[in-house]
Amino acid sequence: NNVQMTGAGTKTLAQASTSDFVIVSGSGTVSIAKLLTITGNYSNAGGVTLSPASSATTYFAGTSDQKLSGIMNTTATDLSGVTFSGAGTKNFGNNASTSTFTISTGSGAVVAPALLTISASVSAASGITFVHNNGTIFLAGGAGARNFSGTWIGSSALNNVYFLGAG
């Protein structure tokens with residue numbers, strides 16, 4: 001099953017699971033209240049406000065390769081939290097921003113965008129594969145602690161990481 005958001009107005013997802021999740025340009029506001037699980041591709045064409053609750057998490061849980069594309073790096077389009085699971089490779093096609101970034105045990109490789117901004121925490125299970133793609137991670141945000149945990153060596157070594165802001 002695929003979900004495609006179109007037309008003006010607010011669309012609210014309390015809890016949902018889908019294969020492909022597509023947000024068409026001009027789709028108004030898409031509100032994610034708690035949990036969204038995507039096993040296929042994710043695309044946000046822009047011109048839309050993505051309004052996840054601060055505690056909302058989007059799971060990319062495909063057993064086949066997944067592509068994350070479109071506009072994912074503005075205040076209006078970033079995801080509150082992302083968790084990667086499922087054996088398929090997760091490949092960012094564009095820069096992205098989120099509050100939390102988690103790679104779970106059993107996740108396929110996560111291929112980073114050129115620029116990834118994370119405002120709260122980063123964690124990775126032992127044995128994961130993170131492909132830095134010669135990119136940069138900004139761990140940025142306002143006041144408060146930001147955590148970076150997990151094993152980031154060997155096949156999961158990081159490229160450039162900058163810790164910004166107070167806290």
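**Strands, core and cavity: reasons for the labels**

Author: Strand β11 gives the most to the lining of the largest cavity, with 4 residues. This is a predicted model, in which local features need pLDDT of at least 70 and side-chain atom pairs count only at pLDDT 80 or more, while totals for chains, interfaces and linings use all residues. Residues are numbered from 1 along each chain as its sequence is written, and side-chain values use heavy atoms, with hydrogens and water left out.

Reader: What makes a space a cavity, and how many cavities of 30 Å³ or more are there?

Author: On a 1 Å grid over the protein atoms alone, a cavity is a set of points where a 1.4 Å probe fits but cannot get out, and a lining residue has an atom within 4 Å of such a point. Points are joined across faces, edges and corners, and the volume is the space filled by probe spheres set on them. By this rule there are 2 cavities of 30 Å³ or more, and the largest cavity holds about 70 Å³. Its lining has 13 residues, of which L79, V82, F92, A96 and S97 lie nearest the centre, and β9 and β11 each supply at least two residues of that lining.

Reader: What makes a stretch a strand, and how many helices and strands does the protein chain have?

Author: Both are DSSP runs numbered from the N terminus, a helix being H or I over at least four residues and a strand being E over at least two. On that basis the protein chain has 0 helices and 17 strands.

Reader: Why is the protein chain called as compact as a globular protein of that length?

Author: The radius of gyration is taken over C-alpha atoms, and the globule rule is 2.2 Å times the number of residues to the power 0.38. For 167 residues the rule gives 15 Å and the radius of gyration of the protein chain is 15 Å, close to that value, so the description applies.

Reader: Which residues is T102 in contact with, and what makes a contact?

Author: Contact means heavy atoms within 4.5 Å. Leaving aside neighbours within four places in sequence, T102 is in contact with V82, T83, F84 and S123. With that same exclusion, S85 is in contact with F60, A61, G62, K90, S104 and S107, and T89 with S64, D65, Q66, G108, A109 and V111. T89 and V111 are 22 residues apart in sequence and 7.4 Å apart in space, C-alpha to C-alpha.

Reader: What makes a set of residues a nonpolar core, and which residues touch the most other members of the largest one?

Author: Such a core is a set of buried Ala, Val, Leu, Ile, Met, Phe, Trp, Tyr and Cys residues joined through side-chain atoms within 4.5 Å. The largest has 34 residues, of which F21, Y42, F84, F101, I103 and F130 touch the most other members. The elements giving two or more residues to this core include β9, β11 and β13 (115–124).

Note on methods:
Buried means under 20% relative accessible area, exposed over 50%, partly exposed in between (1.4 Å probe, protein chains only). On a 1 Å grid over the protein atoms alone, a cavity is a set of points where a 1.4 Å probe fits but cannot get out, and a pocket is an open set with protein on both sides within 12 Å along at least five of seven lines; lining residues have an atom within 4 Å of a point.
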